[in-house]
Amino acid sequence: MPETNGTATIQQQLAAEFALAGEPKLPASNDGSVGVTMFDLPGSSDLTVTVLLGRDHLQRAPSQSLVRIRSVTDERSYLGVVTAGPFAEPDGLRADSGILTAVATHRADYLPPFHGRVQVTILGEELENGELTPPRWRPLPNSPVTVLNDAEAAKVLKCNGDVRLGLAVGHPGVEVGVPSQLKSVFPRHTAVLGTTGGGKSTTVAGLIARARAAGMAVVVLDIEGEYTALHEPTDHKGMLAGLRERGLPPLGVPPEAMGVYHLVGRGTANPNHPHLRSFSLQFAKLSPYAVMEILGLTEAQQERFLKAYDIAREVLRDLDIFPMKGNVEQERLALEIDELDRGYPRVTVPLLIDIVCACALRAEPKSDKKKRGKVGDDEAEEAPKFVPWSRELKLPGGTDALNSRMNAANPPGNAISWRALQGRLGRLNRLKVFFDETKEGTRPVNYADLIKPGRVSVVDLSDTGFSELNNLVIADILRGIQETQDEAYERFEQQKGPLPTPVLIVVEEAHEFLSDERIDKTPVLFEQVARIAKRGRKRWLGLCFVTQLPAHLPKQVLGLCNSFVLHKLNDPGVISLLKRTVGGVDEGLWDRLPNLAPGQAVVSFPHFARPLLVSIDPSQAKLRMVD
Ligand SMILES: Nc1ncnc2c1ncn2[C@@H]1O[C@H](COP(=O)(O)OP(=O)(O)OP(=O)(O)O)[C@@H](O)[C@H]1O
Ligand SMILES: [Mg+2]
């Protein structure tokens, strides 16, 4: 049979079939509707309804768009969101019917009549005053469905804020942002998660620049030095194209509003930054417990470290270094210090090394002391020849104070453990990162500068070399900011100062600082973060954790966060963990998570009416490329 005849037969057959089935009666769209609700099926479930779209309107209800359903006869109005579809279905026949399969596979030049179908999740029943209430009924069948315009959608989604993130997918005219001045949002902490290349840094760069512009103080703990060029406009081709599409100019953070901090003796990823500052750490401000965790001391070393720390405290008092005699303020401070929170004033690493060294000598068996070249059998000559090295113990009376405090403290024996500890402290000292108040030199960070409104401070950790040092810096900076913000808050409460500046602290590669594997070993570090998180709510301190390995982050850290920006995520384990943590995200959105394009994210903030799929703005400022 000639082919044309065969095709004609199929077309005729089809036309006859469709004529038999009849076209579904969809309302004329002069009421602006794009479709109508379908009858329910035995499998229908609450809060979701199927909507049939006329063929001409198939493209008008894209995924994530908001719709209004005016239920016929009962006159109720519902708002919903398209969570699946739009699907195209042939009129009157099953899509997998033999005849349609034949049409497609034989490439017959015939497009059967079809209509669209979307699944709508009902957000609520719309009251006369515009409020939404949980629905008690469902939209009746054949109710017309209209798509909300962008202005209406923005009102329903409640997703605006001065710190713009991007545009809502489904309503590309709707800006999505975060209100910088709402205490219930940033100070309740944020997590930016996603696999590598998902767009986290781009999101964070935008967040930094816009939060700053809104008057917040932003501090970035930048492990890779990615954010050290934010004062320049972006020159990334992809970003420039994306910005053009959105009518946004390339734009750097004003250089005078930005500072790049790097640790003394360490380099920076961007030596050309106009406002580079090196800084040192304050050992005395670090909680001895946090130091022990960061150094990974064994139990035996910890016991000795704490003993040495006790002795150091007493010696400092004896030597009138701290607290100074008669100084009431210092006496009060000495009593009030919570050493889980911060260290004891004026304790230095060299002082601790001296004490540890003296304890080691004392613990050495006599025969060893002899071996050290001490001649004669005289007991006095055999006494450990401890030669102080630290500035404190070289002061007049230093060694006496040490000896008497050591006698009183009766430190544990085992010279090997003491020597091992001495080695750890020696290594710490050789980092040469601690500030000595008695010497000139690179000063610690001035935290008051960091919390000025409209400032961006990037702490560049790209050259610190190893993660213990990073963690020392991060612990020091977190504590410093918290303390300074606490003071600002107290002044405000006593009506002696203005409302504290809202502060946002970004912790990049958060899984390295707070890892699930280590949380058992670093409870103090975690407690410090948890404390900041808890106080943050009252004192205007928001944390933003960024990581590509959310599975390595302790669950407790995610538990501190109320806002989430979820870029592409593949790991089913992580997704199911997040499902338990982030509320209100519908299945359709979760399903999309593994396939999101770079720059797309499922975003959930407390001020949103519901979590949204957002197309995040490309970064206007320059991100340094890291290989
Ligand atoms: N919002 C966006 N708009 C346009 N392009 C984007 C966006 N976000 C990311 N991209 C593209 O994806 C690339 C990777 O983004 P980015 O560096 O932000 O990802 P990341 O999640 O931080 O990756 P990593 O885990 O490697 O740090 C960018 O160089 C850019 O090409
Ligand atoms: Mg990144």
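This is a predicted model: local features need pLDDT of at least 70, side-chain atom pairs count only at pLDDT 80 or more; totals for chains, interfaces and linings use all residues.
The second largest cavity is lined by Ala205, Gly206, Ala209, Arg210, Pro618, Ser619, Gln620 and Ala621. A cavity here is a set of points, on a 1 Å grid over the protein atoms alone, where a 1.4 Å probe fits but cannot get out, and lining residues have an atom within 4 Å of a point.

Residues are numbered from 1 along each chain as its sequence is written, chains are lettered from A and ligands numbered from 1 in the order in which they are written, and side-chain values use heavy atoms, with hydrogens and water left out.

How many cavities of 30 Å³ or more does the structure hold? There are five. The largest cavity contains about 80 Å³ of space. Among its lining residues are Ile294, Arg424, Phe466 and Leu472. At least two lining residues come from each of helix H6 (288-295), helix H14 (415-430) and helix H16 (467-493); helices (H or I, at least four residues) and strands (E, at least two) are DSSP runs numbered from the N terminus. Seven residues of this lining are nonpolar, none is polar and three are charged.

I turn to the pockets; a pocket is an open set of points with protein on both sides within 12 Å along at least five of seven lines. The largest pocket has about 1,400 Å³ of space. It is lined by 45 residues, with Gln282, Phe283, Ala284, Lys285 and Glu437 nearest its centre. Elements that give two or more residues to this lining include helix H8 (328-336), helix H9 (349-363) and helix H18 (523-539). Which element gives the most to the lining of the largest pocket? H16 does, with six residues. By class, the lining of the largest pocket has 14 nonpolar, eight polar and 23 charged residues.

The second largest pocket has a volume of about 590 Å³. Of its 28 lining residues, Gly197, Gly199, Ser201, Thr202 and Glu226 lie nearest the centre. Helix H4 (200-213), helix H5 (237-246) and strand S16 (541-547) each give two or more residues to the lining. The lining of this second pocket divides into eight nonpolar, 12 polar and eight charged residues.

Finally, the ligand. Ligand 1 is surrounded by 15 residues, the closest being Thr196, Gly197, Lys200, Ser201 and Thr202; a residue counts if one of its heavy atoms lies within 4 Å. A polar side-chain atom of lysine 200 is 2.8 Å from an oxygen atom of ligand 1, and a backbone N or O atom of glycine 199 is 3.0 Å from an oxygen atom of ligand 1.

Definitions and conventions:
Grid points are joined across faces, edges and corners, and a volume is the space filled by probe spheres set on the points. Ala, Val, Leu, Ile, Met, Phe, Trp, Tyr, Cys and Pro count as nonpolar, Asp, Glu, Lys and Arg as charged, and the others, Gly among them, as polar. A polar contact is a pair of N or O atoms within 3.5 Å; within protein, one must be able to donate a hydrogen and the other to accept it, and residues adjacent in sequence count only if both atoms are side-chain atoms.
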